[in-house]
Structures are given as C-alpha cells and as structure tokens.
Amino acid sequence: MAALQPVPGAPTPRQRLRLTACLALIALPHAFHLPLWISALAAVLLTWQAVTAWRQRPLPGRVFRFALAAGAFGVVLAGFGRINGQEAGVSLLLLMLVLKLCEMHSHRDAMVFVSLTCFLLVTQFLFSQSLAMAAVLVVGTWLVTLTFIDVSAGIGTRPAARDSARLLVHALPVAALLFVLFPRIPGPIWGLPADAGASARSGLSDQMSPGSIANVALSQGVALRAQFSGPVPPAQARYWRGPVLWDFDRGTWRRGDAAQQLPSAEIDVDGSRIRQVDITLEPTRHDWLIALDMPLATDHRSRQTAGATLIADDDIDQKTRYTTRSATDYTLDPRLPSATRQRATALPIGGNPRARALAQQWRNGDTSSAAIMDKALAMFREQPFAYTLSPPRTGRETSIDDFLFETREGFCEHYAGAFTFVMRAAGIPARVVTGYQGGERALMGDYWVVRNADAHAWTEVWLAGRGWVRVDPTAAVAPDRVESGVAASLSNNAALPYMSRASGNTWYRVQMLWDGINATWDRWFLAYGPQLQQRVLGVLGLAGWTRALLALTAGVVVLLALISLWLGWQARRVPHPDPVVRAWQRVCARLAAIGYPREPHEGPQAYGARIARARPDLATDMRLLVDLYIRQRYAPRPDAETEQTFIARAAAFRPARTRQQE
Amino acid sequence: MLGALGRRLETAFGDYIRRRTPSSRPPIRLSRRRLYILPTRSGGIFALVLLVMLLGATNYSNSLGFALTFWLGALALVSMHHAHGNLVGLRIDSAQARPVFAGDEARFEIMLGHDSRRTRRAIRVGTGEHETGAGVDVAPDATAPITIATPAAARGRIACPRLRLDSIYPLGLFRAWSWVTPRAETLVYPRPSGTQRLPAPDGGRRNASASRDRGHDEFAGHRRHVPGDSIRHVDWKASARSDDLLIREHSDQAGRTLWLDYNRLAGMTYEARLSQLTLWVVNAEHMGLRYGLNLPDEQFGPDHGSDHYRSCLRALALL
C-alpha cells in the first residue's frame, strides 16, 4: 500500500518559518526555569533557523547536522553533568527539537517535529501547574493543532486558525470525559528524578534546629487550605499537627527512625466534638499529612504513628486533597507504653549541664509533673524572654543552655525545644510537635488558608491520668502568637513575608481573591488523582473500573457520534433558496448527464451557445431557457409569470442522449 | 513468504475494492459506504508520543499533563471524524478527456463539486499509481478541476481509470479515501506513423517526384509541426525565430483532392496500415488539402475541416 500513499511534500521555507515560530512560542515559558545559558543557546539556534527559512537558504547537510546534534548533547552533558533528570532532559529535548528544524525533508519530518513539540509542551507542567500554566496549555494546544493543519493541508493561516479552533472545541468534551473517567494509576511508575517538581520548595522538615522554623515562616507560600464542615475552632485552638520529633542530639530535634517502631497512639475521645476538615495540602516531598489537632481518621491511604501523626503511604509529591476527622477533646495515650516512655525521656549523655541542673533542682523540690511544668512556663513568662524571628546564634552543643541562660531570645523552635529538653531532664515524658498554628479565612470561598508563615512548634507532655497534654511555651512568652498570628506578636516584623503582615488593604484583598481562584483550581483540578477519582466515581455511581471504563467508552462513542452527526448535517445538500436557480441547476445537471457539463467559467449564454453548436436539435430549447433564465435572474424587474414559465420549461426539458435526426 | 502473502492480500483487497466500486456515470456523490479511513504513519508516531506523555503524567501525577494528553488524544479522535466529513458528499461532476493518439497520454479532466456550505480541503485525486501533488480546496458552489493523465497505449477507446480521492486533512493523523470509477471514455486514434509519402492528388496527374520538385519551387508559407511531419520539411531557419517547429508549405498542395486508400497499403500489417492512414489524415488536414478516406467498409469525404478530420480518425480508431 505504500505506493498508494500520496502525501504532501517537504515543508516549504514559509512553513519552516512557521514551524520555527511554533517551537519558539511553545518553548518560551521554559525560559523562566531553565538555566539562562540553555535559553540563550536555544534562542540563538532558533534565530538562525528563522533566518535560514526566511532567506530560503538550503538546509544544512547530514555531517553538519550530526555535528550540531553531538555538540548539543555535549553542551548539556557538560552543563548539567548528565542528560537525564528533569532540567537536563528538558534542555536536551529543547535543543534537539531546534536542531530537528534543520532536518525537514518530508511531510513526516514535520509531523514528527510537531508531535515532539507536544512533548515539550507537557514538560512545562513538571515545573509549574499554576493557573497561568492552564493558559499556556490552551495556547500551546492551539498552536500545535494549527501547525499540524499547516503542514498537512497547507490551506493558509486564516482558515487553519479557524479550523483548529473548531477542532479544539469539538475535542474538549471528549477530553473532559477522558480526564474524569480514564483510570488513574497511582504514580510514580519508574520513580522521579531528584530534581522533579517545582524548585525551591519550603515547608516543614523532619528535623528542627534553632532557626529552622523561622526560615519556613519567612516564606510566602501556602502550606494547606482547609474547609471545615461545622463550626471553626477559635484561633488559639487551631493547631495543625505535623511530624512529631522524638530524638534530641547536638541541638537538633529529629523524627528518628527508631521512633517509628513505637506502638501506635491510643486515642480516647471524650465528648462528641469531632470535626470534619477537608484539606488540600501543597506538595511537601514528605510523607506526613497535616491535620487539625488530633486526627482520628482520613480517607487518604495512611497510618497513624506513635506521635499520632498521619503518615501517608507515599510521599506527597503533588497537591493532595483528603478529608480528616479530628477531635479537640481527647485523651491521648491514657496508658503510656514503656517503650514510648523510654523514648520520650531519653536525652544524650552529656551537654547543656545548666538546663539539666535546673530541671533536677525543680524535681527535687516538688514531685508533681504538673507543678514542674508550671515552673518552667512561669520562667518563660516572668524572666525577660523575647519572641523574635532573628534570634542570636547559639552554640551547637550548648544550644539549650545558651538560649535559657544567655540569649533569651528565640522563635517557637527555641521555646519548644528548650521546654521539652527541660521536661525530659526532669524525668517527665515530653516530645516536640511541629505543624502549623492559626490560619486565616479566605476572602472568596468558604475555606481557610494556612501559610508557611504559620509554621509552629510546640510540646506535648505526658501526665498521668491526662495522657499527652499540649503545652505551647511560645504562648507563655508571646500570647499574641497563638491568638492573632505571628505578625501581631513580633515587635519588629519587617522580616516577615508581606502576606502575613498586611491585612486589610486592597492589594491584600486582591491577593486573597486570587488565592481563592487558585484554591478552587487546586481542589478540583490539580488534586484530581487516583483517590479523588475513586470518590468522584463513587458519587457518580461508577465505582469499580469496569463500570468507569464502560461509561468512558460509551461516553466517547456518543460524543464522537454527535460530532459525526453535526459534521454530516453541515455536509448535507443545501438547495439554493431561489427556485429559478434550482431549475437552472436541474437543466445543467441533465445536460451534464448526457455528456455536456457546464464548465465552471461558462456563463449561461456561453453554455447555451456551446450546447446549440454541439447539439442543433437542442438549440431551440436552449435558446429559450437561457433567455428566460437571464431575464428572470438578471433583469431589473423579474415577474412571476416569466418565473413560472421558466420553471415549467426547465422541468419539461429532457435532452435525449443521442442526436435526434430532424 | 510474507511478501507473497502480502501481495496476495493486496490483490484480494484490490479485487474487493473493485467489486465495491462499479463504474458509474458522473455526477458521483461519495457516500459513507464508499469511504475508508486509517491512521497515517505520522498518526502512529503521534499515538506513541501520546502514550509516553500518558505514562509521564501518571509517573509525575501531573494533572495538567493528563489534561494535555487527553485533549490531544481527543483531538486525534475528533480529527478522524473531520477527515471523514471532509470527503463525504464530495461529488465528481464530470470526467472528460479529448481524444488522443496512441502512445500519448489521455488527460481526463475531473470536476469536483459539492452542495454543502463548508469548503472541502486538500483533496487529492490520483489513480493510485502516481500522485498528483498538492491537493485542491473545493469551495461551496464552486467546482475544482483536476487532470488525471493515463497512458493510451492502444487505439480504440480508453476508459477513465479508477480514481482514488484522498485527503489527510485536517491534522495529517488520519487518511480518508475513496475509490470511484467514473464511467467516461475517450477515443484513442492510431499512432500516426509510417514511411509512405502522401498519395498524389486526383488520380496521379503528376508523379511524386514532379510534385516534390515543383513543391520546392512554389513556397506558400509556414505552419506548425504536427506528429507525422517529416523532419526534412522543417524550416530550421524560420523555426529558430519562433517557439515552434515550422514546416514549409507549398502552394500546389492546397486545393487538390487526394484519396487515402486502405487497399493501396497492401503488404503491411493491419495496425501499420491504420497508423499510415492516420499519419496521412493528419498531414493532409494540416496541409489544408481535400482528402477522402477509403476503408474496407466505409468511405469518408472527400472533404476537409475538423468534423471530417475527426470522423476519419474516429473510424480509424474503432476499425
């Protein structure tokens, strides 16, 4: 069959120019995240291609092309030290696509080029999936469709633009159906490269040292968005639980691998205050799920640790939406397992002797754990401790002593860390809990925004009969922190990000409005993965893959059939509105049937004259018909009588196939 | 082994298509039943790219990646229906060709048209053996002419070849095509050839050499070279000043009657006789002579002019 496949020829220089423009436009957003030298190199090569096409110069030869490709390969390898991975891979793809422009010898070359340009388009979404990228998607898809039409049909830019827009609109419902119903498999399939995802992310980590949370608090970004069903707890009760840190060493609190083996937390729910919260968590590249106060259950595949934190089965590499049920009145671990107690009182052998001595002194004076706790909080409250984002540096080995007795300035991690240390030194089980505190209501939409600036650390102390009790030593120093947020509690908040400082002015409101739009986008579009899909399918009554696939197939078939019907309806015969023209067309059709079709350039008179010459037997009829037709169609005042005569004559006109002998 | 199987399949498929496309008289409207559609090789490559994109979107759990992949996939599916709709309802309004001499190409002029409001894009018409290059657009209420050349090997009638209408519009991912055989034919006159000189006019009042001698003396003007003219009669000097080869004409050749007689060509094969007669008819007509054609069962003329010329050639083609 190969011989029977006529295809359009090689792209013309004009088409090559348009292909270059298509690639340049689609590659443009990559300039924001690829290294500058790659963007510059691509721009130079694209300009060279554009000039070559514009001046209609011949394409470079095979050897030169090969040298260029090898050069691009070498440049990427030299610049990144590798050719795989997100940035290096995309850079290589971009350069190879630019060089493919030198190799446009056939229609198929152009088609391969446009197909790979689609691939370049999709790589942009690895770097960002914001709402702006949705616009990039629409424009990019339109561009590749336009270019496909241009190289395949060559019908000019304006009809191609119209036709591509029509195709895109027709394809949209099918695409939507595929998006919702096509079975999603939980990724990753082959693992993510080390530099996957957007760069420069910030958020909680699985360890805490002086300054680490203050760093998080300085970043602008949103950590999570939450939607409460039911009443929203007041600000001082909005503690969002994250990873629990068990192990202290050399000034750093760590989650600790061994702590993960401890028996799971036991939660007794007193009272009936169970709150359901829908949370959309920004990607963290960590496995914990943030939840309000004390999480009891979630619909995300996860387990609960000894620290009562929810740990997802996979790292949160994308925006994730899940529902949690949380308690605010509860008893956590009424009986403390001995392994947990041991872990929660462990301290390194030496270091911070003054803090240990202070704890020992309190222990000797009073045996009640609650009383020791109060003494420590009173120390923070009564002695000149200050709450600041930029505390003085402390020694690594002596961080607690330096903070408690020398600098006395710190952010929440200083207070929580020192407090927990002192409690452990006094023999009271204690642990550091990190997470967020507070959050603000969005201006648009019924949800709450928790930002990285709300990152917080506090302490949980185990008391007999009460279980783990939350103690927030920061609140003892700066009560405003818990009630009104970081900005209100810092004396000099210039270092804080704008969003956590300003509230009430117009720009802030615009930002919050934009956040609302983004939140909707995140919640319904970006978070649509295997888990959300299962829930949506359940709501649609399509639980189970068999049903979903059947519905998908049926839906696509129906949509395509509708498009086909629509196209068929457009391709239907459209009778001419004027009965005179219809009658004339019938005459022409009958003449064509006996071998005398009207040439496209022939007017009625020329046609009639030609028929009369070729077929003298029809001359009289033709003269009359042409005469009536022209009178009726072109005369200033047509009259009904002539029209009837013409139509009747035309209907009666049945030319014989062979010449009649007269 | 596989090649042989492939050839047999191709032959069987060709036979099937032939059975399904009986020749019919124009106008022929392409119906759904006659249309075929398959992905092109570029469509296959595109599908491969989409598959990789789908795997990538799954691996990175990338919602926008899924959206792009599904939109492009949907575009491909929809473009299949557009490719189909681009051909459905297309009409072959007429197929006509002028008579030709054997050995030349019969050039069938195919008129495409349709009744719908939407312009049909990038339609290519070919015979399957050789492509016709770029496609044509057929606007509403317009017709587009396409010429299909087919070699006319033997005299007689030549039918319009089976035509393949195809288009990869809109995206080049799918090819829709249809086979049609318009019932149209044209005459193939015998190839004008032979070595014999034109017979002497009017029962040989002059012999051939005298005619030639005098002919060279009485120059009457130039005319364009036609097949069958002897190269010796070309006026090279005059031709150099013109775009055409020019033949010297002589006054004594005009205004006489000559008989082109089949029976005078004894000793030649049948086809050679017809070729010789054709050459004579062509030359006599171009020289403006009055000539008659004497065939075994029929006589034409003596007369001159294009009607007479065509009648003679037609008789020779169909003898």
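Which residue stands opposite A:Trp448 in E19(A)? A:Arg441 does. This briefing describes a predicted model. Chain A has 662 residues, of which buried residues make up 39%, and its secondary structure comprises 24 helices and 21 strands. Of the contacts in chain A with a separation of 6 or more, 72% are between residues 24 or more positions apart. Chain A also meets chain B: 65 residues of chain A are in contact with 61 residues of chain B.

**The open sheet in chain A**

- An open sheet of 6 strands runs in the order E10-E13-E7-E2-E19-E18 in chain A, with antiparallel pairing.
- Strand E10 (294-298) and strand E18 (440-441) of chain A are the edge strands, and each pairs on one side only.
- E18(A) pairs with strand E19 (residues 448-451) of chain A over 2 bridges, in the antiparallel sense.
- E19(A) is covered on both faces. A:Trp448 and A:Val450 lie on one side, A:Val449 and A:Arg451 lie on the other, and all are buried.

**Nonpolar cores**

- The largest nonpolar core has 129 residues. Those that touch the most other members are B:Trp71, B:Ala74, B:Ile110, B:Leu165, B:Val188 and B:Val281.
- Helix H3 (residues 63-87) of chain B gives the most to this core, namely 15 residues.
- Another core, of 83 residues, lies apart from it, and includes A:Leu245, A:Leu281, A:Leu404 and A:Val477.
- Beyond its neighbours within four places in sequence, B:Ile110 is in contact with B:Ile92, B:Ala95, B:Val125, B:Pro145, B:Ile146, B:Ile148 and B:Leu163.
- In soluble globular proteins, nonpolar side chains tend to be buried together.

**B:Phe108 in strand E5 of chain B**

- B:Phe108 is located in strand E5 (residues 105-113) of chain B.
- B:Phe108 counts as buried because it has 26 C-beta neighbours inside 10 Å, where the cut-off is 20 or more.
- Leaving aside neighbours within four places in sequence, the contacts of B:Phe108 are B:Ala95, B:Gln96, B:Ala97, B:Ile148, B:Thr150, B:Cys160 and B:Ala184.
- One of these, B:Gln96, is 12 residues from B:Phe108 in sequence. The C-alpha atoms of B:Gln96 and B:Phe108 are 5.1 Å apart.

**Strand E11 of chain B and its partners**

- Strand E11 (residues 174-180) of chain B has 6 of its 7 residues buried, so it is largely enclosed by the rest of the structure.
- Strand E2 (residues 35-39) of chain B runs antiparallel to E11(B), and 5 bridges join the two. There, B:Tyr36 stands opposite B:Trp177 in E11(B).
- E10(B) pairs with E11(B) in the antiparallel sense, again over 5 bridges. The bridge partner of B:Leu165 in E11(B) is B:Ser178.
- E10(B) and E11(B) form a hairpin with 6 residues between them. In its turn, B:Gly172 has a positive phi of about 80°.

**A helix pair in chain B**

- Helix H6 (residues 270-287) and helix H7 (residues 306-318) of chain B pack with their axes 10 Å apart, at an angle of about 170°.
- H6(B) and H7(B) are therefore roughly antiparallel to each other, a term that applies to angles over 145 degrees.
- H6(B) contributes B:Leu274, B:Leu277, B:Thr278, B:Val281 and B:Glu285 to the contact, and H7(B) contributes B:Tyr309, B:Cys312, B:Leu313 and B:Leu316.
- By class, this contact has 7 nonpolar, 1 polar and 1 charged residues.

**Where the chains meet**

- The contact between the chains involves 61 residues of chain B and 65 residues of chain A.
- On the side of chain B that touches chain A, two or more residues each come from helix H2 (41-59), H3, strand E3 (91-96), strand E6 (120-126) and strand E10 (163-167) of chain B.
- H3(B) gives the largest share of that side, with 19 residues.
- The residues of that side divide into 27 nonpolar, 22 polar and 12 charged.

Terms used: Residues are numbered from 1 along each chain as its sequence is written. Chains are lettered from A and ligands numbered from 1 in the order in which they are written. This is a predicted model: local features need pLDDT of at least 70, side-chain atom pairs count only at pLDDT 80 or more; totals for chains, interfaces and linings use all residues. Helices (H or I, at least four residues) and strands (E, at least two) are DSSP runs, numbered from the N terminus. A residue is buried if 20 or more other C-beta atoms lie within 10 Å of its own, exposed if 12 or fewer, and partly exposed in between; C-beta atoms are placed from the backbone. Two residues are in contact if their C-beta atoms, placed from the backbone, lie within 7 Å. A nonpolar core is a set of buried Ala, Val, Leu, Ile, Met, Phe, Trp, Tyr and Cys residues joined through C-beta atoms within 7 Å. Axes are lines fitted to C-alpha atoms, for helices over the stretch in contact, and angles run from 0 to 180 degrees between N-to-C directions. Angles under 35 degrees count as roughly parallel, over 145 as roughly antiparallel, 65 to 115 as roughly perpendicular and the rest as oblique. Ala, Val, Leu, Ile, Met, Phe, Trp, Tyr, Cys and Pro count as nonpolar, Asp, Glu, Lys and Arg as charged, and the others, Gly among them, as polar. Two strands pair if DSSP finds at least two bridges between them.
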